[in-house]
Amino acid sequence: MSVNQQAHAGPPYGQPQPGYQGYQQPAYGGQPLPAVPQSQYGAYNGPMPGYQQPVPPQGYFPSLGLPSKGSPVSLNSDTSSLAPNFIGSLRAPPTSGAPPPASGASLPSSHLAYSQFGHGDVQNGIPASAAPMPRPPASQPFLPGSAPTPVSQTSTFQQYGPLPASVQQLSNHMAGMTVGSTAASAPPPAGLGYGPSTSVPPVSGSFSATGSGLYTPYTASQGPPPTSVSQGLPLAQPPFPGQPISTQHPPTQVPGFASPPSSTGIGPSSYPPTTGAPRPPAMPGPPLPGQTLAGPPTSQPNHVSSPPPPAALSGPHPGPPLSGLHGPPPSAHPPQPGYQMQQNGSFGQVRGPQPNYGGAYPGTPNYGSQPGPPPPAKRLDPDSIPSPIQVIEDDRSNRGSEPFVTGVRGQVPPLVTTNFLVKDQGNASPRYIRCTSYNIPCTSDMAKQSQVPLAAVIKPLATLPPEEALPYLVDHGESGPVRCNRCKAYMCPFMQFIEGGRRFQCCFCSCVTEVPPHYFQHLDHTGKRVDFYDRPELSLGSYEFLATVDYCKNNKFPSPPAFIFMIDVSYNAVKSGLVRLICEELKSLLDYLPREGNMEESAIRVGFVTYNKVLHFYNVKSSLAQPQMMVVSDVADMFVPLLDGFLVNVNESRTVIASLLDQIPEMFADTRETETLFAPVIQAGLEALKAAECAGKLFIFHTSLPIAEAPGKLKNRDDRKLVNTDKEKALFQPQTSFYNNLAKDCVAQGCCVDLFLFPNQYVDVATLGVVPYQTGGSIYKYAYFQLETDQERFLNDLRRDVQKEVGFDAVMRVRTSTGIRATDFFGAFYMSNTTDVEMAGLDCDKTITVEFKHDDKLSEDSGALLQCALLYTSCAGQRRLRIHNLSLNCCTQLADLYRNCETDTLINYLAKYAYRAVLNSPVKTVRDALVSQCAQILACYRKNCASPSSAGQLILPECMKLLPVYLNCVLKSDVLQPGPEVTTDDRAYIRQLVTSMDVAETNVFFYPRLLPLTKADVDSDALPAAIRNSEERLSKGDIYLLENGLNIFVWVGVNVQQGLIQNLFGVSSFSQISNALSTLPVLDNPFSKKVRSVVDMLRVQRSRYMKLIIVKQEDKLEMLFKHFLVEDKSLSGGASYVDFLCHMHKEIRQLLS
Ligand SMILES: [Zn+2]
């Protein structure tokens, strides 16, 4: 038995398999979600047609006892009075005098079965005996939070090691940059771009942006362009006295730019004097600080949850453009006349300071601060510096039309922003694995020299477009997959068969292994097995193996997983309508649980819990006329009061479940309970899965900081004063190690937690998120949840989360060929050793970023290989291995490394690295380390790969020309440089989100997509061409859309034609547009249809339903919008792109000198 018969029956590899389109949920696979849920739940068809589940579910619910009859119920007074008819005859009469929670020394007999559950031989149901089981006193010492909140350093939160070139080095550079007498005493980098945004710009009149002073002219190189150089940026030499300006070497030819007039040998003296004032910004002019900052936003995107404090309103530097400070550059070296003739006449043109630009890049605080003529304040023309939009467009037009065929080693795939098809011919699709470089240095010395991190971003269960074939399932029967004897690598296209096919040599460790007799096949004249094309594991980059029982826990095939819905029914949850909304939605959503293959119904069982400061379990067994509630008020040592009837098949228990979901909102309608607990909820779910001997997922809907007396109780420890201090890291750390331990237990059981948060205040996401994070789950946050405006987003997120492809009880290992090995991992998972990434659940959206280091030399001939093996349990309970292989080139020339890098992936890695580092280091240290590393990457290129030219020129590798702009976006992101409106919870939330993001998600998150809607062609399906994220690109007469994967902003200029406003918003004037709108009105005209379809199209592309926010120009919400115009200086002190590029240039020059 070899390849699954179905696979052979199907079309050749590379074609979509019949019946295997199931992974693509129609609702999310390319069409907008209609409003009616029923119609969109696509059937989950599972990966293989006709797949037979090898072993029936075991050990699960043999229905031994019928315990629920007569099981007494412990009720708390709250629910008992609310639900008199609910439990019916089975429930003890409502006793308003029921023992108060947590006070009894023993529990009612409903708790009897508890002691049985933990045993290997599971007894289902509660024994008939009614003898009370002794329980420890509820006051049993539990000391949550009594420990001094150590951060448990699991391997997930690894020590932040200094980035190789480290802060020390950077600060040395900084020190080296300081000039003049103020250097020693001047404050550290003032907050004008980077640092704490508190200080004021230098007032000596000497302020200047580094490198903005003058331009070396852009002269055409007479020779060929340097390898892989595309962007030669002539930047200024620092104009401070005493520093000679180095002679300009023939600069670099820049593809994409017209050759500048050749004017070789230009030295400083050849600059004509500057006479004019700096050019003002081209577009709408300075923002109107008084207006745009006038008030807190009334409604905020989901990660911005509290209005900025009043202090923020003035912003760090909200004043008018500080042109006075800059002054016209009286001396220095203005651009040479010639270069204005370059492409579109704008290359290298200088500009006046940006609006709001309050000071120099703070890395250069003292630069030019000596008395004397103020240095020039000219600025780079943004049009002359590398444009993300241009790079994205170029890649689309160059690479979007041809399929990406993976047969060739070390091929750099198209960008994530390009639509392309993938043909698997032996390497994993870039949808599964992307690398920072596809050509890696042969030696660790080279790698260190370049400072380019070697990392792979892996999304093992990625969703593929319908046109691409999903991985084939290979079944080797009882013998299981063929593996190398030594390193245990799985059979793959790179294994070498020798000795006529009787043995194979491992491509990872070179060990020779006998081919098992059943797997023997002859070789053809080229040494290839004759069945090469018949076996996915010999010819494809990605495939699956059916795992044998050896791959299962306790040598037992797993049971199908379970989903447990756990709903907070405290006052806030009920009052906001959330409880009713969830219950209503579940009634239909439960029919769309993930299914496998041609199975008619999902194998997933479901269970229900509600909670406030006690837990309510529900028996929804199909034989019951009405659901039964069982209350557990002793939460100190959580247990599940019922087994039989708790986890049920949806179809069998349909009416009981429907009845339960109808009754829950009624039962708690009048609740006054405001306190909630949290850890016991997870414990309850965990215990239920343990008892059922299955893996599963908890969907927890939670509203508040869990302050009820219970394990895992939390206190409000938010302290915004810690921001920008050395203690800031505490805000990202959990306040107790309790949740780390709980997470570990959950992972051991395969209990994944998805957390939906609806907070109205601080809930300590950093702590509540520990279990979701370490179990491979997701967190969703809906601050100030309001039914009207937020339900659409929440319901869409919930639907997608429940339906999406997910594997359970997953372990991932990445093997590498000799010479490199995986050394570090980033993502939502748990690690109990240094090699295995464990995830209770892993869904199709989750990404793991893996870093590699050399442990030996690599060779150009053999290249380097990665094999990612993911062992998981499918939604039907099938144990499988998903294998992804990727081969990379190796180089002895640094130029080859730089020619094959991928900046988007590099940014994904750097962001995750930095976001983890903030757990252990001050954010300033982290930012500095990022800048330092990138400066070294670019300096190494400059030194070793670019053709000789003056240090005054910034030369960026073609593949990395966007590194500065993207890195700047990471540096000024909410986690690393929060504005005043960003809450501690927002930051913890974003930190965790980014950690699991794939490359496409980090790309749009850090550099949002900005589309001019008024330029859209209403007759075409295409999106309007994106523009750069800068205010000066916006026109008052247009409407724009900005999306970052979490939010969609629609920005309306003050001068937009009335007709457009009428067509889009259905009102007659700008002033009538309500910015409380959370959806666009459905109007029957082409523009309205087009815009709504654009919004729908974008939402479908993202894993979370993006919130729509209408922003009117000059309205108070505009401040929020401007935060995402990432090429501009940010109100939180983040540098503009232009300034940051100048700063990077200076850093690089320091390294080179
Ligand atoms: Zn091996």
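The lining of the second largest cavity is made up, by class, of 10 nonpolar, seven polar and six charged residues, where Ala, Val, Leu, Ile, Met, Phe, Trp, Tyr, Cys and Pro count as nonpolar, Asp, Glu, Lys and Arg as charged, and the others, Gly among them, as polar. A cavity here is a set of points, on a 1 Å grid over the protein atoms alone, where a 1.4 Å probe fits but cannot get out, and lining residues have an atom within 4 Å of a point. The second largest cavity has a volume of about 310 Å³, a volume being the space filled by probe spheres set on the points, which are joined across faces, edges and corners. Of its 23 lining residues, L993, S996, M997, S1103 and R1104 are the closest to the centre. Two or more lining residues come from each of α19 (770-774), β18 (779-781), α25 (984-995) and α26 (999-1006), and α25 gives the most, with three residues. Helices (H or I, at least four residues) and strands (E, at least two) are DSSP runs, numbered from the N terminus. In total, the structure holds 15 cavities of 30 Å³ or more.

This is a predicted model, in which local features need pLDDT of at least 70 and side-chain atom pairs count only at pLDDT 80 or more, while totals for chains, interfaces and linings use all residues. Residues are numbered from 1 along each chain as its sequence is written, and side-chain values use heavy atoms, with hydrogens and water left out.

A nonpolar core is a set of buried Ala, Val, Leu, Ile, Met, Phe, Trp, Tyr and Cys residues joined through side-chain atoms within 4.5 Å, and buried means under 20% relative accessible area, exposed over 50%, and partly exposed in between (1.4 Å probe, protein chains only). In the largest core, which has 147 residues, L615, F617, I700 and Y898 touch the most other members, and helix α23 (residues 923-944) supplies the largest share, 11 residues. A second, separate core of 47 residues includes C583, V614, V648 and F794.

Finally, the zinc ion has as its protein donors the SG atoms of C484, C487, C506 and C509, 2.2 to 2.3 Å away; donors are N, O and S atoms within 2.8 Å of the metal (3.2 Å for Na, K and Ca), and water is not among the atoms, so sites may look incomplete. In sequence, these donor residues are spaced C-x2-C-x18-C-x2-C. Both C484 and C509 are buried.

Conventions. On a 1 Å grid over the protein atoms alone, a cavity is a set of points where a 1.4 Å probe fits but cannot get out, and a pocket is an open set with protein on both sides within 12 Å along at least five of seven lines; lining residues have an atom within 4 Å of a point.
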